[in-house]
Amino acid sequence: MKSYRKELWFELPTRRGFINITRQVEMGLKESGVTEGLVLVNAMHITASVFINDDEAGLHQDYEKWLESLAPHEPVSQYLHNRTGEDNADAHMKRQIMGREVVVAITKGKLDFGPWEQIFYGEFDGRRKKRVLVKIIGE
Amino acid sequence: MKSYRKELWFELPTRRGFINITRQVEMGLKESGVTEGLVLVNAMHITASVFINDDEAGLHQDYEKWLESLAPHEPVSQYLHNRTGEDNADAHMKRQIMGREVVVAITKGKLDFGPWEQIFYGEFDGRRKKRVLVKIIGE
Amino acid sequence: MKSYRKELWFELPTRRGFINITRQVEMGLKESGVTEGLVLVNAMHITASVFINDDEAGLHQDYEKWLESLAPHEPVSQYLHNRTGEDNADAHMKRQIMGREVVVAITKGKLDFGPWEQIFYGEFDGRRKKRVLVKIIGE
């Protein structure tokens, strides 16, 4: 069994945003030499997500508006968590809806994807350095 | 290490619906010959889900109503994504709540499930052919 | 390839609650002897979750309030599922938002975590015995 590990680093200039990381995961897969197995891609921070969906700018704006309606950032005083000095309680909720991780099949050395699947980093509390883990096992 | 891959195809006559795919995953597991490992079951489309829950018709109607309240289909004009010519932005949101994939343990050649766990395909934009991937690794 | 399986048992005295199970997963990992691989941790019941987030009491109260706003327990008659004699339809919904499972990378014999990641059991229909599965594969 082979295993491979890589960290992807991000520092978004805004509080929230989505970044397509599919190519970086594919580069890791190529480096790993694994042709059959699984790749785990997960946010290493608890106010960020990794998810698979469509690379369409309108949809990303829809997600932003929708997540804000389900877990509003303001007023920050509505969340007990923010009494710790943070203002990111909403980010912990948005991350639960969008998810922490994805697991993707590796077949014949490639991400085994349907036609529109793309991997995204979802940032909900940016403006600081944060990481994503890519872990591959297989042979 | 053994690996196994299978696609399950669906074409629901309705926009939304849930299909129990547990038996099809079990058949794949049997074909794979894997007795210890992991099975990944994921929607290959970004307006569909694979999830584990109860096979109870009332609950499925509750899910339908609940998901529609959290991410309504109508009016389709409320979503920027639908300006691309689609009318399925809500389906991209429902899928995030229900999830893209499940990973299930394989122990002694069986899906290592609790008493009520069943695997479902969740369709949120049907009336066309769509796929689920079953990928098994182990030995 | 090595594989390892362990069940964690819980019986919460309340309907809902969160329990940090990180140490129990780490003990399982140590017992497994696996140094490179993946660990799957999943609720074996469909009204409970396993998720990764922050071990902060205020946040957990925020989650409780937020989940109750998205999928209220009362009135129980609003859910068709509760006509089966259950009163836990809301728990099946809360579990979908928080998720069934997490997959965590194992690197050099440790859970490959960011600085604040902790694994939680999320109970939404307690006051009875329920289980979590820890399954490890790797070498």
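Q: Which residues have the most contacts inside the largest nonpolar core?
A: In this predicted model, local features need pLDDT of at least 70, side-chain atom pairs count only at pLDDT 80 or more, and totals for chains, interfaces and linings use all residues. Residues are numbered from 1 along each chain as its sequence is written, chains are lettered from A and ligands numbered from 1 in the order in which they are written, and side-chain values use heavy atoms, with hydrogens and water left out. A nonpolar core is a set of buried Ala, Val, Leu, Ile, Met, Phe, Trp, Tyr and Cys residues joined through side-chain atoms within 4.5 Å, where buried means under 20% relative accessible area, exposed over 50% and partly exposed in between (1.4 Å probe, protein chains only). The largest such core has 46 residues, and those with the most contacts inside it are Y63(A), W66(A), I97(A), W66(B), I97(B), W66(C) and I97(C).

Q: Which elements give two or more residues to this core?
A: Helices (H or I, at least four residues) and strands (E, at least two) are DSSP runs, numbered from the N terminus. By that assignment, the contributing elements are α2 (57–70) and α3 (89–98) of chain A, α2 (57–70) and α3 (89–98) of chain B, and α2 (57–70) and α3 (89–98) of chain C.

Q: In chain C, which residue has the C-alpha nearest the axis?
A: Superposition is by least squares on the C-alpha atoms of residues with pLDDT of at least 70 in both copies. A rotation of 120° with 0.0 Å of shift along its axis superposes chain C on chain B (RMSD 0.0 Å). The two copies are thus related as by a three-fold rotation axis. At 3.3 Å from that axis, the nearest C-alpha in chain C is that of I97(C).

Q: Which residues does I97(C) touch, not counting residues up to four places away in sequence?
A: Contact means heavy atoms within 4.5 Å. With residues up to four places away in sequence not counted, I97(C) touches Q96(A), I97(A), W66(B), I97(B), W66(C), L67(C) and L70(C).

Q: Which three residues supply 23% of the area that chain C buries against chain B?
A: The contact takes 30 residues from chain C and 34 residues from chain B. Buried area is the accessible area (1.4 Å probe) that two parts lose on being put together, summed over both; between chain C and chain B this area is about 2600 Å², of which carbon and sulfur atoms give 60%. The three residues that supply 23% of the chain C share, more than any other three, are M1(C), I46(C) and Q96(C).

Q: How many bridges join strand β4 of chain B to β7(B)?
A: Two strands pair if DSSP finds at least two bridges between them. Strand β7 (residues 118–123) of chain B has six of its six residues buried. Strand β2 (residues 17–20) of chain B runs antiparallel to β7(B) through four bridges, with F18(B) opposite G122(B). Strand β4 (residues 48–53) of chain B is also antiparallel to β7(B), and the bridges joining them number six.

Q: What is the centre to centre distance of the aromatic pair F18(B) and F51(B)?
A: Rings of Phe, Tyr and Trp (its six-membered ring) pair if their centres lie within 6.5 Å; planes under 30 degrees apart count as stacked, over 60 as edge-to-face and the rest as tilted. F18(B) lies in strand β2 and F51(B) in strand β4 of chain B, so the pair ties together parts 33 residues apart in sequence. F51(B) counts as buried at 1% relative accessibility. With 85° between the planes, the pair is edge-to-face, and its centre to centre distance is 5.5 Å.
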